[in-house]
Amino acid sequence: MTPLSELAQGQQYPAAALYVVATPIGNIADVTLRALHVLGLVDRIAAEDTRNTGQLLARYGISKPLVAVHQHNERAAALRLIEHLQAGERVAYVSDAGTPGISDPGAKLVDAVREAGFPVIPLPGASALATALSAAGDWVATFSFLGFLPPKAKARAAALQALANHPHAMVFYEAPHRIVETVQALADAFGGERKLLIARELTKLHEALHRGTLAEGPTWLEADPNRQRGEFVLVVEGAQPEAAGEHDHDALLGILLEELTVSSAAKIAATLTGASRNALYTRALALKKDEE
Ligand code: SAM
């Protein structure tokens, strides 16, 4: 096999730079050759959890000085790492699993390093977000990543209410002890008909991808306690265009209704806007009733 250094040649690996390196989300074979090259090249590896990362690196036969950079010390640790960069070192940052900065520490370190004038070089790799989406299907052609919802019921319901008309598929992360209540909260906020993908334990022994609707999500999870174990990505269908834009053409319909019947107003509005004639008819009818 061609040596790693040769395979990774397509890019420069400057000194005095921070390398943000994605690591596997379960299956440790899901590391890139370039990640191994860079982890072998750098002088120091900053890690969210040095014990975990130490064990992972040992599996790849890599041993490097490790520095802890986690949620609680990210800014202070960043300053220490900048001193290493000033001394000309190459430094890598890895989070516990997957891509740093995606519901993981790393972003503050990136800001601090860039503000200090050093390059930040990203190395792509595993992420639960992209892994789940890659097996979701055509209905997630456009999506928004929302990460973890607030854990408290009231704050979560408010966050979901604000997303009720969001037109793109939504991707959430969730922990096993909240998975049932979160899927139920999604169904309560968005209605039961929307598509739902539950992606559990991706790349691991008990990987499961279940596609159904929000209404039957909690039932599927509760049918077997094992289905509630492990790590989860939830992908939920966005609002239908009619629902999202239900009130978008009110001003136009209002003007047309001053002169025309509901049916004619809907017909002309549909021609002008390209929106569904049926949806416009329903809305025009409601506007007319309101006025009366
Ligand atoms: N940085 C990571 C990434 O790139 O996906 C995410 C880290 S976040 C702290 C951990 C959450 O990601 C888990 O609670 C779960 O929602 C999701 N996750 C991570 N690994 C997963 C896996 N193997 N299967 C399903 N979800 C996973």
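The mixed sheet

Guide: Five strands form an open sheet in the order 6-7-10-8-9, and the pairing is mixed. Strands here are DSSP runs of E with at least two residues, helices are runs of H or I with at least four, and both are numbered from the N terminus. Two strands count as paired if DSSP finds at least two bridges between them. At the edges are strand 6 (143–148) and strand 9 (208–213), each of which pairs on one side only. From one strand to the next the twist averages 15 degrees; axes are lines fitted to C-alpha atoms, for helices over the stretch in contact, with angles from 0 to 180 degrees between N-to-C directions.

The model is predicted: local features need pLDDT of at least 70 and side-chain atom pairs count only at pLDDT 80 or more, while totals for chains, interfaces and linings use all residues. Residues are numbered from 1 along each chain as its sequence is written, and side-chain values use heavy atoms, with hydrogens and water left out.

Strand 6 runs parallel to strand 7 (residues 169–174), joined to it by 5 bridges. Across this pairing, Phe 148 is opposite Tyr 173 of strand 7. Helix 8 (residues 179–190) lies across strand 7, strand 8 (195–200) and strand 10 (232–236), and runs at about 10 degrees to strand 10; contact means heavy atoms within 4.5 Å.

Tyr 173 leads on to the ligand. The ligand is surrounded by 19 residues, the closest being Ile 102, Asp 104, Tyr 173, Leu 202 and Phe 232; a residue is near if one of its heavy atoms lies within 4 Å. A polar backbone atom of Glu 174 is 3.2 Å from an oxygen atom of the ligand. For Thr 99, a backbone N or O atom is 2.9 Å from a ligand oxygen atom, and for Ala 128 a backbone N or O atom also lies 2.9 Å from an oxygen atom of the ligand. Polar contacts are pairs of N or O atoms within 3.5 Å. The ligand alone exposes 570 Å², of which the protein buries 90%, by the Shrake-Rupley method with a 1.4 Å probe.

The chain has a second open sheet of 5 strands, in the order 3-2-4-1-5 with parallel pairing. Its edge strands are strand 3 (66–68) and strand 5 (120–123). Strand 1 (residues 17–21) is joined to strand 5 by 4 bridges and runs parallel to it, with Tyr 19 opposite Ile 121.

Conventions. A polar contact is a pair of N or O atoms within 3.5 Å; within protein, one must be able to donate a hydrogen and the other to accept it, and residues adjacent in sequence count only if both atoms are side-chain atoms.
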